[in-house]
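Please look over the structure before reading the points below.

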Amino acid sequence: MAHLSKFLPKIDSNSKILNTIKCARTKSEAVMKNVIGESEKLKLISHLENNTFSLIVDESTDRACIKHMALNSTAETILQVPDGSEANEQSKPDHDIPEQAESTTINDAENRDPVKGYENAMKFLALKEGSFQPKNILYPVINVRKFREAWFNQYPWLEYSPALNAAFCFFCRAFYKLNKMDNAFTCKGFNNWKKAIEKFNSHQKSNIHLESSIKVEEFKKTLRVNCGSIAHKLDSQRSKIVTENRQYLSAILETILYCAKQCIALRGHNESNESGNQGNFIELLKIRSGDNNIIARYFLQKEKTFRYVSPDYQNIFINLMGQNVLNQIIENVKNAGVYSVIMDETQDMKKHEQVSIVLRYCDTRLNVFESFIGFYRTDKMDGESLSNLLKHTLLTLGLKIENIRGQCYDGAASMRGSYSGVAKRIKDENKLALYVHCYAHVLNLCVVDVSGKVVPIRNMFGTLNKIYTFIGASSKRHSIFEKIQKESNLSNNTLKSLSDTRWGCRIEAIRSVINNFNSIVLTLENINETDSTHGPDLVFELTNSLSQHFQKKNANFSTISILTEATLMELQSLRSDDSFDKIWTETEQLASKESISPPTIPRIRTIPSRLGGGETLISRNVASYFKTNIYFPVTRNHRDEDILEVCNTYNINFDDLKAELKLFGKMCSSTNTDENFEAHLTLYLEKDLIGSFDNIYLIYKIFLSIPMSSASSERSFSSLRRLKTFTRNTIGQERLSNMAILHIEKTFEINFDTIIDQFDADSTERGRRLQLS
């Protein structure tokens with residue numbers, strides 16, 4: 001306001017004008033002084049006191065001064081701003097230049113009087129003022145003659161000076177040329193009223209006047225057509241600046257999102273200008289600047305002093321994008337109505353307990369989704385702490401506990417405990433939250449148990465693990481192994497380790513030994529006996545296929561039940577003499593090919609007769625021994641009771657449901673639909689029966705929403721290993737969780753304009769650096 005008072009000292013401090021003025025650049029003071037002289041100042045004040053205006057403000061400004069004023073439709077004046085001015089606030093358009101002033105005040109006569117000099121004419125033309133033609137005043141008489149007011153209508157260019165009682169030409173004064181103009185109508189004034197008409201006509205036809213008239217019209221056209229208005233020109237410049245600023249921020253967001261989706265680090269060890277490697281984020285921006293002019297200007301050339309590449313702004317952008325994806329997921333879950341929870345925990349690189357939470361739900365077309373919603377750190381792993389963490393997370397996201405229809409965890413006591421586990425605590429609040437022990441974990445436990453109960457199989461896996469440890473533990477031994485593979489022209493397949501928690505590792509370990517058997521034998525010359533029968537291979541092939549299906553996101557109870565039954569039937573079929581004979585033949589062929597001693601019956605320790613023992617009946621047939629003691633125990637069928645949940649627990653009207661099922665059953669029969677869940681669901685969707693059989697639709701939605709395994713949570717741990725590494729172990733929890741969301745949920749689209757608008761709306765807390773709206 002202090003700067004404004006220099007120019008408009010007579011405006012009251014409480015005036016509505018001062019209350020609407022904003023900041024602009026200090027350099028405009030000089031522009032203002034040059035454009036407005038003392039004689040014009042009073043005229044401007046008079047208009048400002050009676051009209052509203054908006055002030056054009058440039059970005060990044062923190063010193064108060066005036067740059068431009070655009071009067072509204074009632075105003076008669078507007079300031080001329082030099083070319084190159086930038087605008088950052090909306091301005092109101094100007095109207096056509098008035099040809100004449102309709103009334104005259106005392107201030108008008110003092111300021112507009114041609115006696116002030118021809119220099120003022122151009123200024124007032126720029127201010128969209130016409131010829132100065134004072135009316136309703138007394139004109140002095142000279143030799144019985146005086147100036148006549150009617151001449152104003154006859155000669156639009158005519159001006160009158162009350163101070164000199166003389167006539168002037170406004171057009172010639174505006175475009176005055178020294179020694180080329182008629183001084184009587186530009187400098188001295190004409191007052192020989194007796195010959196007024198004659199002189200006026202003569203001047204109007206003169207070449208110099210015609211030339212000035214053309215210049216005036218062209219000047220007016222420039223103001224009206226070329227820029228429409230000065231305010232419009234400034235607004236266009238402002239729009240251009242805003243567009244470029246948003247394009248630059250979009251480029252920043254694209255680069256950050258790329259790094260997040262690829263799960264690569266953004267920051268570098270040394271990000272200073274002297275560093276040879278400033279980190280993936282900055283180095284990627286440098287590469288992109290080669291074909292992106294906005295990045296080159298803003299980032300490399302530093303056209304803007306603020307570049308938004310600091311770690312703090314990286315965190316802000318990552319958080320905004322992560323929350324954007326999370327909001328889309330939550331919106332989908334709310335639209336689904338019911339959902340299930342999948343949760344698991346693991347330790348990160350810094351020994352912090354990280355809890356992964358996944359939500360399973362269906363869309364309106366019964367497509368199944370399992371969406372990751374973040375990593376959450378916890379200090380305690382008891383059932384109460386984990387259940388409180390889960391409930392707090394769901395409530396924070398606006399999800400209701402009573403809408404949970406399923407919960408799937410591993411077999412840890414804190415998760416499945418019957419009295420204080422997470423499953424029990426959630427079910428106490430919601431009776432319909434069915435607990436499912438992860439089927440993938442159950443299958444893996446069965447495989448591990450079988451591998452340990454049958455002694456020869458247990459010994460075989462122990463041998464496989466020792467081979468892996470013996471060769472892999474030493475770089476020298478491993479190099480010998482690779483060299484033999486290369487000399488033998490064998491495929492470069494690595495050996496696989498065993499793990500009780502890694503699903504499918506056993507079949508991979510068996511395959512790796514079989515594929516590399518010759519290389520292993522040549523490498524380990526001191527090993528003369530290796531049990532590599534194909535019996536366990538078949539068993540683990542079958543269970544591995546079932547395990548792979550358990551890990552699918554769209555797995556459902558019906559399909560898994562069918563696959564489980566099929567697997568059990570296949571395992572049962574292996575318990576036959578024909579199957580064993582086939583495997584035994586393959587085993588003998590492999591032993592012969594690799595010059596291995598044929599299988600023999602191991603020596604059985606017996607209790608001495610003096611201690612109450614005696615002779616034990618032992619099979620003298622080697623094949624019979626292996627069939628009875630190894631093959632059949634592995635393929636034995638241990639069936640658990642099939643669990644079929646009935647949907648009457650979900651408060652569905654039995655009669656209505658029965659009627660719908662009867663009609664739908666007839667449709668399935670008439671179309672020869674297979675008698676399985678997948679076929680019925682396909683028919684239901686193809687016939688678009690969602691609005692017809694509402695109860696069946698509800699059952700389908702609940703049935704499909706119940707998870708079968710916690711594989712999605714387990715998969716998120718792989719992302720955690722890539723995100724929080726040895727060199728990135730100081731990453732913050734919020735950044736870690738949002739980076740994981742962006743990496744795992746890649747299918748969700750992010751609208752950068754929405755992110756920029758949200759960032760701009762929050763800029764009041766941080767302070768705005770770039771104009772974004």
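A residue counts as buried when its relative accessible area is under 20%, as exposed when that area is over 50%, and as partly exposed in between. By that cut-off Trp151, at 8% relative accessibility, is buried. The model discussed here is a predicted one, and a search of the whole structure finds 32 aromatic pairs in it.

**Aromatic pairs**

- In the pair formed by Tyr139 and Phe147, the ring centres lie 5.3 Å apart and the planes meet at 50 degrees, so the pair is classed as tilted.
- Both members of that pair fall under the burial cut-off, since Tyr139 has a relative accessibility of 9% and counts as buried, while Phe147 has a relative accessibility of 1% and likewise counts as buried.
- For Trp151 and Phe200, the ring centres are 5.5 Å apart and the planes stand at 85 degrees, which makes the pair edge-to-face because planes over 60 degrees apart are assigned to that class.

**Charge over a ring**

- Arg112 is placed over the face of Phe124, at a distance of 4.6 Å from the ring centre.

**The five-stranded sheet**

- Five strands form an open sheet in the order E9-E8-E7-E10-E11, and their pairing is mixed.
- Strand E9 (368-378) and strand E11 (434-437) are the edge strands, each of them pairing on one side only.
- From one strand to the next, the twist of this sheet averages 20 degrees.
- Strands of a sheet pair through backbone hydrogen bonds, in either a parallel or an antiparallel sense.
- Strand E10 (residues 404-409) pairs with E11 in the parallel sense, over four bridges, and Gly406 stands opposite Leu434 in E11.

**A helix across the sheet strands**

- Helix H32 (residues 733-744) lies across strand E8 (353-362) and strand E9, and the direction of helix H32 runs at about 165 degrees to E9.

How values were computed: Residues are numbered from 1 along each chain as its sequence is written. This is a predicted model: local features need pLDDT of at least 70, side-chain atom pairs count only at pLDDT 80 or more; totals for chains, interfaces and linings use all residues. Side-chain values use heavy atoms; hydrogens and water are left out. Rings of Phe, Tyr and Trp (its six-membered ring) pair if their centres lie within 6.5 Å; planes under 30 degrees apart count as stacked, over 60 as edge-to-face and the rest as tilted. Buried means under 20% relative accessible area, exposed over 50%, partly exposed in between (1.4 Å probe, protein chains only). A charge sits over a ring if NZ of Lys or CZ of Arg is within 6 Å of the ring centre and within 35 degrees of the ring normal. Two strands pair if DSSP finds at least two bridges between them. Helices (H or I, at least four residues) and strands (E, at least two) are DSSP runs, numbered from the N terminus. Axes are lines fitted to C-alpha atoms, for helices over the stretch in contact, and angles run from 0 to 180 degrees between N-to-C directions. Contact means heavy atoms within 4.5 Å.
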